[in-house]
Amino acid sequence: MKYRKLGSSDLEVSEISLGSWLTYGVGVEAVQTRACLDRAFDLGINFIDTANVYGRGKAETVLGEMLEGRPRDSYVLATKLFAPMSDTDKGLSRAQILKQIDASLQRLRTDYVDLYQCHRFDIETPLEETMEALTEITRQGKVRYIGFSEWSPKNIEDALAIPGVERFVSSQPQYSLLFRRPEAKVVPLCAANGISQIVWSPLAQGVLSGKYTPGQPLPAGTRATSDEMGTMMQSWLRPEVLEVVQKLKPIAHEAGCTLSQFALAWVLREPNVASAIVGASRPEQLDENAAASGLSIDPALFGRAEEIVAGL
């Protein structure tokens, strides 16, 4: 496993990180969760990403149970806030930031998180209030560094312009061979300001593994067939998308790796990406994904893949 520095922080994070969206505490049983976490650490994955809203606290609770007993300095732990935790608890107000960080720390059974992220931008709260509250909990020692997810370039620029507050070190956008929007503005803006990307859905929720074949039934036991985990991936299961993905398989074969590894290596070719978040319901999925770290692939093969997906 290779590691990269996270923005302007002193955190070194594994190029492949383990996420918990739709999986731990929700769609994956506890025994499998523990097996996946154990395998992740065995493979050198040191970066775990979650959020308070995943399972309405269940993901954090399960991770807190599973991580208890491991040396706290042996892993980098990230969580988020913004989405509703109740009818009244949502957003990035000072009151919510102070409340939600304490609730997350309690569920995670830790005194601090390494990275605390704004899950989305809050148009109902003054940005100065949000940044000052994030600064407050950072200087209290509850948070080491701060980040954001899916903020617009203007949101980012406005935050950077506020004096006397903590600086963001990470951005968490959706980014993959099938979704390249951050490249235009977010990546260059962040790269110029000491902010790294931690990308979610680098495999388009598993579609870039190539296991979903157009015109064929969904494979049993996959995320797409799960009531808990498959609801968000319908747009990736369109026949035209699946047909294009199948055309990528020969290129991955030529590169000497699986399609999943090729797609992850493509994401990691971008220097501003510090880590690609993967989900796993079985340890062997992590074996395959972790092998993408450090792969050396001819850029010409990446170029051919980009041409294939360009028409979508």
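**Around the strands**

Guide: Strands β6 and β7 pair in the parallel sense, over five bridges. Pairing here takes at least two DSSP bridges between two strands, and the elements themselves are DSSP runs numbered from the N terminus (helices: H or I, at least four residues; strands: E, at least two). Before going on, the ground rules: this is a predicted model, where local features need pLDDT of at least 70 and side-chain atom pairs count only at pLDDT 80 or more, while totals for chains, interfaces and linings use all residues. Residues are numbered from 1 along each chain as its sequence is written, and side-chain values use heavy atoms, with hydrogens and water left out.

Back to the pair. Val 113 stands opposite Val 143 of β7. Moving one strand over, β7 (residues 143-148) is joined to β8 by three bridges, and these two run parallel as well. There, Gly 147 sits opposite Ser 170 of β8. Five of the six residues of β7 are buried, so call that strand mostly covered; buried is under 20% relative accessible area, exposed is over 50%, and partly exposed is in between (1.4 Å probe, protein chains only).

Phe 47 has Val 76 as its bridge partner in β5. This strand is mostly covered, with six of its six residues buried. Val 76, Ala 78 and Lys 80 point one way while Leu 77, Thr 79 and Leu 81 point the other, and both sets are buried.

Setting aside residues up to four places away in sequence, Thr 79 touches Thr 50, Ala 51, Asn 52, Glu 60, Ser 104, Leu 108, Val 113, Leu 115, Tyr 116 and Gln 117, where a contact is heavy atoms within 4.5 Å. Val 113 turns up again here, among the residues that Thr 79 touches.

Gln 96 comes from a helix, α3 (residues 94-108). Its relative accessibility is 8%, so Gln 96 counts as buried too. Skipping neighbours within four places in sequence, Gln 96 is in contact with Leu 81, Thr 88, Asp 89, Lys 90, Gly 91 and Ile 101.

On to charges. A salt bridge means a side-chain nitrogen of Lys or Arg within 4 Å of a carboxyl oxygen of Asp or Glu, and that rule gives 22 of them. One of these joins Asp 114 and Arg 72, at 3.0 Å from N to O. The two are 42 residues apart: Asp 114 is in strand β6 (residues 113-118), and Arg 72 is in the loop between α2 (58-67) and β5 (76-81). Both Asp 114 and Arg 72 are buried. They also sit in a salt-bridge network with Asp 10 and Arg 144.

Another salt bridge pairs Arg 139 with Glu 166, at 3.1 Å. Arg 139 is in helix α4 (residues 127-139) and Glu 166 is in the loop between α5 (153-160) and β8 (168-171), so this pair ties together parts 27 residues apart in sequence. Arg 139 is exposed at 56% relative accessible area, while Glu 166 is partly exposed at 23%.

Last stop: two helices. Helix α7 (residues 239-255) packs with α10 at about 175°, their axes 10 Å apart. Val 244, Lys 247, Leu 248, Ile 251, Glu 254 and Ala 255 make the contact from α7, and Leu 301, Arg 304, Ala 305, Ile 308 and Val 309 from α10. By class, that contact has eight nonpolar, no polar and three charged residues. The classes are simple: Ala, Val, Leu, Ile, Met, Phe, Trp, Tyr, Cys and Pro are nonpolar, Asp, Glu, Lys and Arg are charged, and the others, Gly among them, are polar.

How values were computed:
Axes fitted to C-alpha atoms, helices over the stretch in contact; angles between N-to-C directions.
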